[in-house]
Amino acid sequence: MTSTSVARADRPRVLSGIQANGNLHIGNLIGALRQWAGMLDEIDGFFCIADLHALTIPSQVIGTDLADAVTEVAAWYVAAGIDPDKAAIFAQSAVPQHAELAWVMTCFTPMGWLERMTQFKAKSGTEKESVGAGLFTYPALQAADILLYQANYVPVGDDQRQHIELTRDVAQRFNHLVGEVFTLPEGMVPKTGARVMGLDDPTEKMSKSVAAVRSGHAVLLADPPDLVVRKLKSAQTDSGREVDPENMSEGVANLVDIAASLLGRDGRELAGEWAGIGYADLKTRVADVVVDALRPVQAKHAELRSDPAVMQGVLEDGRKRAAAVAEQTMARVAGALKMRRPG
Ligand code: AQP
């Protein structure tokens, strides 16, 4: 254990992560990475790259280099300000206790609870009979991710609230039926930027998988400035012409919120300042804010990716720190269940 992690032991434990299932977008930056980066000095932070979760939709990973996808996402973490000296950054699959505890959690999660999860309904669509069972049990793996670190808080976007509730319920169930092992985590949903919407359809959450098939859907963290400008220029607004803060359509409100979140401003206040500007001007202003916000992140990312040893070192250091905590919890779980384990 490093001196840093010893000094952090009395701080609230925080766990979060992003799936390695595609290119990160500004929704991930606003709703996740910037929130995490802003809390590093107050927490004992564990941030995983969820490659086991990425397997839940095999078609998204078959033919890709999953190990490289993990490194790519991890580099965005660091580039966005997650200092690896202040928090553990690691691949979920590199700490086998995630899969081990996931099985236990799957067994303690009633089917009815999983059936109520809206994300499964949304992601399985009309293919409920043919999608992999992992997509259905995904929340049990997510519960394992969180409970393994005895996390007090889980910073997430709005879409993840239901999964955090389920994690608490399963932890409570295990604690009640088997013994007090797990800390009950609380979700932390940011006040602004918790749900960045698609540029091409502001009724839909901005998402990696949609961005993979509709390029105008999201600004990706890797997008060069001219592409950012083009994507924002074609963002959906409405049939009006100017910003009216009292009557903003979802598309206009989304653009204002993106800029406000990246500037660390209040959305309503910024909308008030921009009252009366034409939509073309609004898009230019938002594009300027996004390009400015991405510039240093992209430069840092390129630097980190230019030397493979750098991110290898970050991930290995994070793995060691995560594995030490994960093993303590897994040993307690096995002890409480009187299970035999290797070693
Ligand atoms: N549009 C968003 N607005 C705000 N926060 C978001 N997050 C994701 N999209 C938005 C937050 O980013 C974290 C990691 O998300 P994830 O990739 O693990 O899961 P996801 O929500 O399934 O992400 P995507 O981009 O929508 O990917 P796909 O399309 O693959 O499902 C979470 O904290 C999430 O809330």
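Guide: On a 1 Å grid over the protein atoms alone, a pocket is an open set of points with protein on both sides within 12 Å along at least five of seven lines. A molecule sits in a pocket if more than half of its atoms lie within 2 Å of its grid points. The model is predicted, so local features need pLDDT of at least 70, side-chain atom pairs count only at pLDDT 80 or more, and totals for chains, interfaces and linings use all residues. Residues are numbered from 1 along each chain as its sequence is written, and side-chain values use heavy atoms, with hydrogens and water left out.

Visitor: In which pocket does the ligand sit?

Guide: The criterion for sitting in a pocket was given above. By that criterion, the ligand sits in the largest pocket.

Visitor: Which element gives the most residues to the shell around the ligand?

Guide: The shell comprises 24 residues, each with a heavy atom within 4 Å of the ligand. Elements (DSSP runs: helices, H or I, of at least four residues; strands, E, of at least two) that give two or more residues are β1 (13–19), α2 (26–37), α7 (118–124) and α10 (208–213). The one that gives the most, with 4 residues, is α2.

Visitor: How far is the side chain of Asp159 from an oxygen atom of the ligand?

Guide: A polar contact is a pair of N or O atoms within 3.5 Å. A polar side-chain atom of Asn21 lies 2.3 Å from a ligand oxygen, and a side-chain N or O atom of Lys208 is likewise 2.3 Å from a ligand oxygen. For an N or O atom in the side chain of Asp159, the distance to a ligand oxygen is 2.7 Å.

Definitions and conventions. Polar contact = N/O pair within 3.5 Å; in protein donor to acceptor, adjacent residues only side chain to side chain. 1 Å grid on protein atoms, 1.4 Å probe; cavity = no way out; pocket = protein on both sides within 12 Å on 5 of 7 lines; lining within 4 Å.
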